[in-house]
Amino acid sequence: MTVLLVALGAAIGAPLRYLSDRAIQARQDSVFPWGTFTVNVVGSLLLGFLIGLPVDSALTALLGTGFCGALTTYSTFSYETLKLARSGARLLAVANAVGSVLAGLGAAYVGLLLAQAL
Amino acid sequence: MDPDVDLHVPAQRRELRKHPGVVLAAIAAGGVIGALARYGVATAWSHDPAAFSWSIWTVNVSGCFLIGVLMVLIARRFSRQSLIRPFFGVGILGGYTTFSTSVVDVQQAAEHGAPGTALLYLATTLVGALVAVWAGTALTELVVRER
């Protein structure tokens, strides 16, 4: 059962990452990977919120492991950082690496505090 | 080229309008496979909240190495197969690796009285991921060039 919930969450999370990335890129023309940055921060906020509630194991599997897990990505984030560095935009590469991690961590804390305030 | 999508690349800009169902289904199917693999590793190799999360560390670093390999292979060998990137890159590796669990692991370790472990995990995941993606591309470039 848990496996099915993880699968269902991922089946929604992964395409949603792709569609969000497209929608964000279509609205601005920057070399900075705002699409991946945004899904990673939003996913971290949501996961922090779920951990803070806390929810039962079925919802954790569906929304946490499945949905947030597949919505957010480390592979695309690291590749985009490498691509920025290789294109000569070293400062943007560092900004993306450090900024994503700090923003993600901050978002997870905000989510956690929001859940605890409820 | 980008593992998820780069609208500057004409073929990637067009792919959703041309075959929306196929592209989204490939991403969803890949995402399910990747997430289940991650779930399998995390379940088999569970950890205490205050301890270093070796399972997610390994998932993320290995996934970053593999995206490096994949992106070079797509550029050099499979540039015409339009579903390879959506299925393997966006889906499988995107679903396998996770950013949210990685930062929540940091927060949980700090919360459970292990700020040193939290910081070490945060830094080694980031550095490990960047070294791995670089190594994946560099090694694959070498192999592809020699053949």
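Student: Which residues of H4(A) are buried, and what makes a residue count as buried?

Tutor: The buried residues of helix H4 of chain A are Ser75(A), Thr76(A), Phe77(A), Ser78(A), Tyr79(A), Glu80(A), Thr81(A), Leu82(A), Lys83(A) and Leu84(A). A residue is buried if 20 or more other C-beta atoms lie within 10 Å of its own, exposed if 12 or fewer, and partly exposed in between, with C-beta atoms placed from the backbone. This is a predicted model, in which local features need pLDDT of at least 70 and side-chain atom pairs count only at pLDDT 80 or more, while totals for chains, interfaces and linings use all residues. Residues are numbered from 1 along each chain as its sequence is written, and chains are lettered from A and ligands numbered from 1 in the order in which they are written.

Student: Why is H4(A) described as largely enclosed by the rest of the structure?

Tutor: Of the 12 residues of H4(A), 10 are buried, so the helix is largely enclosed. The cover over these buried residues includes H2 and H5 of chain A, together with H3, H4 (84-96) and H6 of chain B.

Student: What makes H4(A) a helix, and how does its span compare with the expected one?

Tutor: Helices are DSSP runs of H or I with at least four residues, strands are runs of E with at least two, and both are numbered from the N terminus. H4(A) has 12 residues and reaches 16 Å from its first C-alpha to its last, close to the 16 Å expected. The expected span is 1.5 Å times one less than the number of residues. After H4(A) comes Gly88(A), whose phi is positive, near 100°.

Student: Why is H3(A) called mostly covered?

Tutor: In H3(A), 12 of its 15 residues are buried. Among them are Leu62(A), Phe67(A) and Cys68(A). What covers the buried residues of H3(A) includes H1 and H2 of chain A, with H2 (20-44), H4 and H5 (100-111) of chain B. The loop between H2 and H3 of chain A contains Pro54(A), and the peptide bond from Leu53(A) to Pro54(A) is cis, with omega near -20°.

Student: Why is Arg90(A) exposed, whereas Arg13(B) is partly exposed?

Tutor: Arg90(A), in helix H5 of chain A, has 11 other C-beta atoms within 10 Å, so it is exposed. Arg13(B), in helix H1 (residues 10-18) of chain B, has 15 such atoms and is therefore partly exposed.

Student: What makes H3(B) roughly parallel to H6(B)?

Tutor: The axes of H3 (residues 54-76) and H6 (residues 115-146) of chain B come within 7 Å and cross at roughly 30°. That makes H3(B) roughly parallel to H6(B), because angles under 35 degrees count as roughly parallel, over 145 as roughly antiparallel, 65 to 115 as roughly perpendicular and the rest as oblique. Axes are lines fitted to C-alpha atoms, for helices over the stretch in contact, and the angles run from 0 to 180 degrees between N-to-C directions.

Student: Which handedness has the crossing of H3(B) with H6(B), and what classes of residue form their contact?

Tutor: H3(B) passes H6(B) in a right-handed crossing. A crossing is right-handed if the near helix is turned clockwise from the far one by less than a right angle, and left-handed if anticlockwise. Their contact has 17 nonpolar, seven polar and two charged residues. Ala, Val, Leu, Ile, Met, Phe, Trp, Tyr, Cys and Pro count as nonpolar, Asp, Glu, Lys and Arg as charged, and the others, Gly among them, as polar.

Student: How many residues of chain A and chain B are in contact with each other, and what makes two residues a contact?

Tutor: Two residues are in contact if their C-beta atoms, placed from the backbone, lie within 7 Å. By that criterion, 45 residues of chain A are in contact with 43 residues of chain B. H1(A) gives the largest share of the side of chain A that touches chain B, 14 residues. That side divides into 23 nonpolar, 18 polar and four charged residues.
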